[in-house]
Amino acid sequence: MKKIAIITGATSGIGRATALKLAEEGYNLILAGRRSERLTELQKEIESKYESKVLPLSFDIRVHTEVEDALLKNIPTEWSNIDVLVNNAGLGNFSLIHEGDIHD
């Protein structure tokens, strides 16, 4: 069985590059991001170049209820055994770690 990785902030930059690299390495990918059109484009690119499956999930990781609905309550069973988390989503508060808000 192939390993599964979830990548937040997968629609651009480090998240997108990581998705392409993990697909090259043979992972199936859960790609999370706010921009559904970019997720769809990335899914098509990965599935056409690599032998990896992609589950695109469009939601805003800053909204806890959207995270719960997309990942915790409604993820298909075949995708639930996640091996790797790349927690890459941006737009957080950039305070010092010991001063930061856990919700960010």
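**Strands, helices and burial**

Strand β1 (residues 4–8) and strand β2 (residues 28–33) pair in the parallel sense, with 5 bridges between them. The model is predicted, so local features need pLDDT of at least 70 and side-chain atom pairs count only at pLDDT 80 or more, while totals for chains, interfaces and linings use all residues. Residues are numbered from 1 along each chain as its sequence is written, and side-chain values use heavy atoms, with hydrogens and water left out.

Q: What makes β1 and β2 count as paired strands?
A: Pairing requires that DSSP finds at least two bridges between two strands, and β1 and β2 have 5 bridges, so they qualify. Among the partners in β2, Leu-29 is bridged to Ala-5 and Ile-30 to Ile-6.

Q: In what order do the 4 strands lie in the open sheet?
A: The order is β3-β2-β1-β4, with parallel pairing. β3 (54–58) and β4 (84–87) are the edge strands, as each pairs on one side only. From one strand to the next, the twist averages 15°.

Q: Why is Ala-5 called buried?
A: Buried means under 20% relative accessible area, exposed means over 50%, and partly exposed lies in between (1.4 Å probe, protein chains only). Ala-5, in strand β1, has 0% relative accessibility and therefore counts as buried. Contact means heavy atoms within 4.5 Å; leaving aside neighbours within four places in sequence, the contacts of Ala-5 include Leu-22, Tyr-27 and Val-84.

Q: What class does Ser-12 fall into by its relative accessible area?
A: Ser-12 has a value of 31%, so it is partly exposed. Ser-12 sits in the loop between β1 and α1. Beyond its neighbours within four places in sequence, Ser-12 touches Arg-35 and Arg-38.

Q: How do you know that β2 is largely enclosed by the rest of the structure?
A: 6 of the 6 residues of β2 are buried, which is why the strand is described that way. Asn-28, Ile-30 and Ala-32 point one way, while Leu-29, Leu-31 and Gly-33 point the other way. In a regular strand, side chains alternate between the two faces of the sheet.

Q: Which residues bring α1 and α2 together?
A: Arg-16, Ala-19, Leu-20 and Ala-23 in α1 meet Leu-42, Glu-45 and Ile-46 in α2. By class, this contact has 5 nonpolar, no polar and 2 charged residues.

How values were computed. Helix = DSSP H or I, 4+ residues; strand = E, 2+ residues; numbered from the N terminus. Nonpolar A, V, L, I, M, F, W, Y, C, P; charged D, E, K, R; others polar. Axes fitted to C-alpha atoms, helices over the stretch in contact; angles between N-to-C directions.
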